[in-house]
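Please keep the sequence and the coordinates open as you read.

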Amino acid sequence: MGISTLDREGIDRDGHEAAAVLARARQSVNPVLRSAVASLPGSMRRIAGYHFGWLDSDGAPASGDSGKAIRPALVLASAQALGGPHAAQGAVRAAAAVELVHNFTLLHDDVIDRDPTRRHRPTAWSVFGSADAILAGDAMQALALRVLAEDDHPASARAAARLASCVIELCDGQHADCDFEHRDDVSLRECLAMAEAKTGALLGCACALGALYAQAPPEAVEAMDAFGRQVGLAFQLIDDLIGIWGDPQVTGKPVGADLAARKKSLPVVAALRSGTPAGAELARIYGTDEPLTAAELHGAAESIDRAGGRDWAQMQACDRMAGAIGHLSGAIPDGAQAGELLALAELVTRRSH
Ligand SMILES: CC(C)=CCC/C(C)=C/CC/C(C)=C/COP(=O)(O)OP(=O)(O)O
């Protein structure tokens with residue numbers, strides 16, 4: 001199924017279970033997120049509240065899009081699969097910590113990329129300024145570690161160490177992403193490694209934290225990390241496709257922003273490396289210095305498609321998902337326990353936003 005055939009929620013008719021899993025995760029972590037953000041000084045509380053959609057730009061209560069909650073859902077579903085409902089209930093603070101880290105990276109990423117829109121509204125930096133958006137992101141990262149430090153679960157210290165290592169990997173991935181903008185020799189291998197570090201690491205960490213909170217053996221924790229990383233790579237591949245061909249009404253972001261910034265996303269690098277005339281045309285468009293016109297952006301997207309970058313990314317996402325399921329069956333031999341995780345993984349490849 002192509003990503004364009006989904007409904008507004010990004011859920012196809014088989015995706016109801018994933019929608020319910022996400023909704024439950026949101027409901028579980030929201031009180032922890034809200035109380036963590038409420039503890040911030042006013043200046044940062046306002047920006048974090050705006051970023052989460054709880055406040056409008058004047059600080060009045062709002063009910064905006066807070067995000068899909070995929071990562072906290074992965075924490076809770078992993079804990080549930082390996083340790084049952086009690087383990088999932090005990091992992092709520094870990095799930096909130098992962099969501100705080102995710103949102104810290106979004107705040108910083110928007111500043112770095114100068115993106116004007118996220119979740120259907122102006123980005124925090126464009127409303128409050130870059131310095132305050134960076135500081136609010138820093139505060140959110142600290143909140144994540146405090147939420148874990150204040151948790152009296154026996155796994156919380158190991159979870160905090162793992163999350164801290166993950167943040168370092170995210171920074172390395174983001175560095176590579178920025179660096180690639182200035183290079184024209186980026187290989188597909190490098191690009192996949194960048195995507196695994198920038199995106200896969202946090203989904204892997206989410207699953208590993210769920211396993212830690214379920215007191216699972218070390219091999220199962222690592223298998224869950226590997227599962228989440230592969231799901232994360234598929235997630236990034238689909239994200240790159242949505243960034244080029246998605247519907248801005250659904251994504252809440254302007255379409256073509258990555259192309260306008262000449263980002264070396266996965267379908268772009270696949271096209272540039274294809275050795276086809278369309279790939280050469282894309283290289284010509286990317287090689288110009290001037291801002292790209294709407295016609296050039298359209299031409300770049302067509303070149304990626306003709307050079308095979310779109311099909312390659314879709315096939316890679318399917319391959320990564322198959323790899324993910326292999327890791328999952330290593331960690332959770334009883335398939336009946338893995339239903340929620342499989343539903344979430346499936347949603348990742350079928351989503352439209
Ligand atoms: C250190 C640093 C700045 C790292 C940057 C890492 C980064 C922003 C990677 C991109 C990951 C990604 C596709 C986010 C969208 O998630 P989503 O679609 O789940 O977002 P949602 O919460 O809005 O649903």
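Ile 168 is exposed, with a relative accessible area of 61%; exposed means over 50%, buried under 20%, and partly exposed in between (1.4 Å probe, protein chains only). Ile 168 sits in helix H7, where helices (H or I, at least four residues) and strands (E, at least two) are DSSP runs numbered from the N terminus. From Ile 168 to Lys 253 there are 85 residues in sequence and 27 Å in space, C-alpha to C-alpha.

A word on the source: this is a predicted model, in which local features need pLDDT of at least 70 and side-chain atom pairs count only at pLDDT 80 or more, while totals for chains, interfaces and linings use all residues. Residues are numbered from 1 along each chain as its sequence is written, and side-chain values use heavy atoms, with hydrogens and water left out.

Most residues other than glycine have a negative phi. The two below have a positive value instead.

Now to the pocket. On a 1 Å grid over the protein atoms alone, a pocket is an open set of points where a 1.4 Å probe fits, with protein on both sides within 12 Å along at least five of seven lines; lining residues have an atom within 4 Å of a point. The largest pocket has a volume of about 1100 Å³. Its lining has 47 residues, and Leu 106, Asp 109, Arg 118, Asp 239 and Lys 253 lie nearest the centre. Helix H4 gives the most to this lining, with nine residues.

Next, the cores. A nonpolar core is a set of buried Ala, Val, Leu, Ile, Met, Phe, Trp, Tyr and Cys residues joined through side-chain atoms within 4.5 Å. The largest has 105 residues, and Leu 100, Leu 163, Met 224, Phe 227 and Leu 341 touch the most other members. H8 supplies the largest share of this core, 15 residues. Leaving out residues up to four places away in sequence, Phe 227 touches Cys 207, Ala 324, His 327, Leu 328, Leu 341 and Ala 345, a contact being heavy atoms within 4.5 Å. A second, separate core of 13 residues includes Ala 271, Ala 278, Tyr 286 and Ala 300.

Notes. Points joined across faces, edges and corners; volume = space filled by probe spheres on them.
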